[in-house]
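Hi,

Here is the structure I promised to pass on.

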Amino acid sequence: MQEDFKSNEYDAIFIQDLIKATRKGDKELSEFVNYHLFPKRSPLSLEDINRNIRSLKKMDDTQHLIVKARAKEFVELNNPANLNLLFAIFGLVISMYNLLKEANKILGLILNIIAIGIFVVYLTLTTVNNVRLRSTALFFYELISNLNYDMKSKD
């Protein structure tokens with residue numbers, strides 16, 4: 001009986017911590033999921049990760065909806081297709097610098113090289129970060145979505 005109480009207390013604290021993580025940014029949510037739930041990235045034992053997943057199954061309907069909605073948002077915000085706007089802006093800026101290049105060849109060339117360098121580094125870092133977060137987002141969304149199925153099948 002004492003063990004059941006400790007287990008229920010652990011479950012409640014874990015769910016509360018997850019709800020708090022869903023209210024934070026993508027980086028913080030990703031860190032929480034990677035540490036507590038993602039077997040590939042977590043330093044926790046498989047037994048501890050399984051315990052955390054079992055805790056997720058004890059969420060009430062409202063908590064489950066909040067977590068599932070945030071998981072969906074997490075996936076959508078880290079969709080690589082969203083980077084197309086950045087590439088369009090990059091093209092516009094390069095076009096403007098090309099106009100400067102024609103007006104003043106040396107200044108335009110220097111500005112062009114600097115702009116291209118900055119944008120390449122920025123886009124590379126953004127893409128790498130987006131891809132890294134995307135795998136965690138997909139894992140989390142699938143986990144939460146499948147828990148929904150498990151909960152319905154118990155009824």
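Searching the whole structure, which is a predicted model, turns up three aromatic pairs. One of them is Tyr 10 with Phe 14: the ring centres are 6.5 Å apart and the planes sit at 10°, so this pair counts as stacked. Both residues belong to helix α1, where they are four residues apart, or about one turn of the helix.

Are the two partners buried or exposed? Tyr 10 is partly exposed, at 29% relative accessible area, whereas Phe 14 is buried, at 4%. The cut-off for buried is under 20%, so Phe 14 with its 4% falls inside it.

There is a bit more going on around this pair.

Now for the nonpolar core. The largest one has 24 residues, and those touching the most other members are Leu 18, Leu 37, Leu 56, Met 59, Val 67, Phe 140 and Ile 144. Helices α1 (2-22), α2 (26-36), α3 (46-56), α4 (61-77) and α6 (105-154) each put in at least two residues, with α6 giving the largest share, seven residues.

Leaving out residues up to four places away in sequence, Phe 140 touches Leu 18, Leu 29, Val 33, Leu 37, Val 67, Ala 71 and Phe 74.

Cheers

Notes:
Residues are numbered from 1 along each chain as its sequence is written. This is a predicted model: local features need pLDDT of at least 70, side-chain atom pairs count only at pLDDT 80 or more; totals for chains, interfaces and linings use all residues. Side-chain values use heavy atoms; hydrogens and water are left out. A nonpolar core is a set of buried Ala, Val, Leu, Ile, Met, Phe, Trp, Tyr and Cys residues joined through side-chain atoms within 4.5 Å. Buried means under 20% relative accessible area, exposed over 50%, partly exposed in between (1.4 Å probe, protein chains only). Contact means heavy atoms within 4.5 Å. Rings of Phe, Tyr and Trp (its six-membered ring) pair if their centres lie within 6.5 Å; planes under 30 degrees apart count as stacked, over 60 as edge-to-face and the rest as tilted.
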